[in-house]
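Biologist: I have just opened this model and would like a walk through its side-chain contacts. Please start wherever you like.

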Amino acid sequence: MQNLGIRILFEGNNFFRLFGGLWVSLRIAVMSMVLSVGLGILLGMLMTSKKMPVKFFTRIYLETVRIMPQLVLLFLVYFGAAKHLNVNFSGQMAAVIVFTFWGTAEMGDLVRSALESIPVHQYQSGFGLGMTVLQVYRYIVIPQTIRRLLPSVMNLLTRMIKTTSLVVLIGVIEVVKVGKQVIDASRYTVPDAALWVYGVIFLLYFAICYPFSRAAALLDKKLKD
């Protein structure tokens with residue numbers, strides 16, 4: 001039975017199909033993360049505004065993302081847009097939109113926290129040295145903000161990679177979907193195929209996420225030192 005389990009992984013290029021499905025998940029996560037970083041930086045700067053309307057709407061956005069599950073957002077964009085807006089997004093496009101919407105809120109809150117963690121006297125010292133606002137941000141604020149953000153950004157990326165497994169429910173052929181196809185095709189010949197296939201999927205996710213997790217831990221330790 002063990003030999004059958006190992007063989008099923010390599011029959012019909014099943015292993016490479018699983019790896020191709022993982023590439024779909026990784027591509028969705030990376031595209032969403034790149035967009036989230038850019039939009040999140042802008043959002044985080046807006047969240048530090050003293051204007052009440054700006055603070056109110058950014059807070060509503062953040063709380064909406066935190067309260068609503070990503071799966072519900074996926075269904076709203078994928079099925080809701082097609083039914084009510086007559087816009088047919090592909091599964092991957094809907095996933096990128098949802099994960100960007102989620103990631104932007106998370107990234108924005110991280111940027112806000114990093115900006116607000118910089119002591120006020122550092123701004124004042126920069127201005128006291130005759131620096132302009134742009135110079136204060138370029139030489140004092142932005143370098144410290146980036147150092148504070150890097151570990152959190154790494155953690156957000158690993159969360160996003162793992163959460164892409166939800167896109168199987170809107171028909172995206174990613175690694176979990178491919179795994180289910182392999183299991184269904186061999187369930188009569190190899191009853192324990194699920195153990196082998198999902199075990200390989202676990203190892204693939206681990207191989208992708210662990211380096212980012214370690215990098216985040218090392219960055220956090222380095223920043224504390």
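**Contacts, helices and surface**

Modeller: I would start with Thr145, whose side chain reaches the backbone oxygen of Val141 at 2.8 Å; a polar contact here is a pair of N or O atoms within 3.5 Å, and within protein one must be able to donate a hydrogen and the other to accept it, while residues adjacent in sequence count only if both atoms are side-chain atoms. Before going on, please note that this is a predicted model, in which local features need pLDDT of at least 70 and side-chain atom pairs count only at pLDDT 80 or more, whereas totals for chains, interfaces and linings use all residues. Residues are numbered from 1 along each chain as its sequence is written, and side-chain values use heavy atoms, with hydrogens and water left out.

Biologist: OK, and where does Thr145 lie? Buried or exposed?

Modeller: Thr145 lies in helix α7, where helices (H or I, at least four residues) and strands (E, at least two) are DSSP runs numbered from the N terminus. Thr145 is buried, at a relative accessible area of 8%; buried means under 20%, exposed over 50% and partly exposed in between, with a 1.4 Å probe and protein chains only.

Biologist: What does the side chain of Thr158 reach?

Modeller: The side chain of Thr158 reaches the backbone oxygen of Asn155, at 2.7 Å. Thr158 also lies in helix α7, and it is buried, with a relative accessible area of 8%.

Biologist: Switching to charges, how many salt bridges does the structure hold?

Modeller: There are six salt bridges in the structure, each being a side-chain nitrogen of Lys or Arg within 4 Å of a carboxyl oxygen of Asp or Glu. Arg59, Glu63, Arg66, Asp109, Arg112 and Glu116 are linked in a network of them.

Biologist: Take Arg66, then. Which side chain does it meet at 3.8 Å, N to O?

Modeller: That is Glu63, which meets Arg66 in a salt bridge at 3.8 Å. Both residues lie in helix α3 (residues 52–67), three residues apart, or about one turn of the helix. Arg66 counts as partly exposed at 42% relative accessibility, and Glu63 is likewise partly exposed, at 27%.

Biologist: And how far apart are the closest N and O atoms of Arg66 and Asp109?

Modeller: In that salt bridge the closest N and O atoms are 2.5 Å apart. Arg66 lies in helix α3 and Asp109 in helix α5, so this pair ties together parts that are 43 residues apart in sequence. Asp109 counts as buried, at 13% relative accessibility. Asp109 also forms a salt bridge with Arg112, with the closest N and O atoms 2.9 Å apart; these two are three residues apart in helix α5, about one helical turn, and Arg112 is buried as well.

Biologist: What about aromatics, how many pairs does a search of the whole structure find?

Modeller: The search finds seven aromatic pairs. Tyr78 and Phe79 form an edge-to-face pair, 4.9 Å centre to centre with 80° between the planes; rings of Phe, Tyr and Trp (its six-membered ring) pair if their centres lie within 6.5 Å, and planes under 30 degrees apart count as stacked, over 60 as edge-to-face and the rest as tilted. Tyr78 is partly exposed, with a relative accessible area of 24%, and Phe79 is partly exposed with 45%. Together with Phe75, they form one aromatic cluster.

Biologist: Which residues are buried in helix α8?

Modeller: In α8 (residues 175–185), Val175, Val178, Gly179, Val182 and Ile183 are buried. They cover an arc of only 140° around the axis, which puts them on the same side of α8; the arc is that of the directions from the helix axis to the C-beta atoms.

Biologist: Last one, where does Pro119 lie?

Modeller: Pro119 sits in the loop between α5 (91–117) and α6 (120–128), and it counts as partly exposed, at 29% relative accessibility. Pro119 and Val141 are 22 residues apart in sequence and 9.8 Å apart in space, C-alpha to C-alpha.
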